[in-house]
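Visitor: I am new to this kind of picture and would like to learn how to read it. Could you take me through it one feature at a time?

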Amino acid sequence: MVLPDKVYNALKWICLIALPALAWGYSQLGDVWGLPLVTEIPRTINIVATVLGILIGVSQINYDKKENENIEG
């Protein structure tokens, strides 16, 4: 699976910046404001970010293999 550039870049930003920031922000605000599920929601967000990160990594590996085949072949 190779993702299109725009999808790859969007998912990468979501995984590396947005989701971890959201998880951290919720956990911090949850303590201050007494929000529900202060542990569960950030952990779930981080799990989703990890899964997306793995998919992005697989896409990058496949893209690199494809590029190497084009250069060599």
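Visitor: How many positive and negative side chains does the protein have?

Guide: Lys and Arg count as positive and Asp and Glu as negative, while His and the chain ends are not counted; the place of a charge is NZ of Lys, CZ of Arg, CG of Asp or CD of Glu. Here there are 5 positive and 7 negative side chains, and the centres of the two sets lie 3 Å apart. This is a predicted model, in which local features need pLDDT of at least 70 and side-chain atom pairs count only at pLDDT 80 or more, whereas totals for chains, interfaces and linings use all residues. Residues are numbered from 1 along each chain as its sequence is written, and side-chain values use heavy atoms, with hydrogens and water left out.

Visitor: How many helices and strands are there in the protein?

Guide: Helices (H or I, at least four residues) and strands (E, at least two) are DSSP runs, numbered from the N terminus. The protein has 2 helices and 0 strands. Its C-alpha atoms fill a box of roughly 60 × 15 × 10 Å along the principal axes.

Visitor: Is S27 buried or exposed?

Guide: Buried means under 20% relative accessible area, exposed over 50%, and partly exposed in between (1.4 Å probe, protein chains only). S27, found in helix α1 (residues 5-33), is buried, with a relative accessible area of 17%. Of the 73 residues of the protein, 19% count as buried.

Visitor: Which residues does S27 touch, not counting those up to four places away in sequence?

Guide: Contact means heavy atoms within 4.5 Å, and on that count S27 touches V38 and P42.
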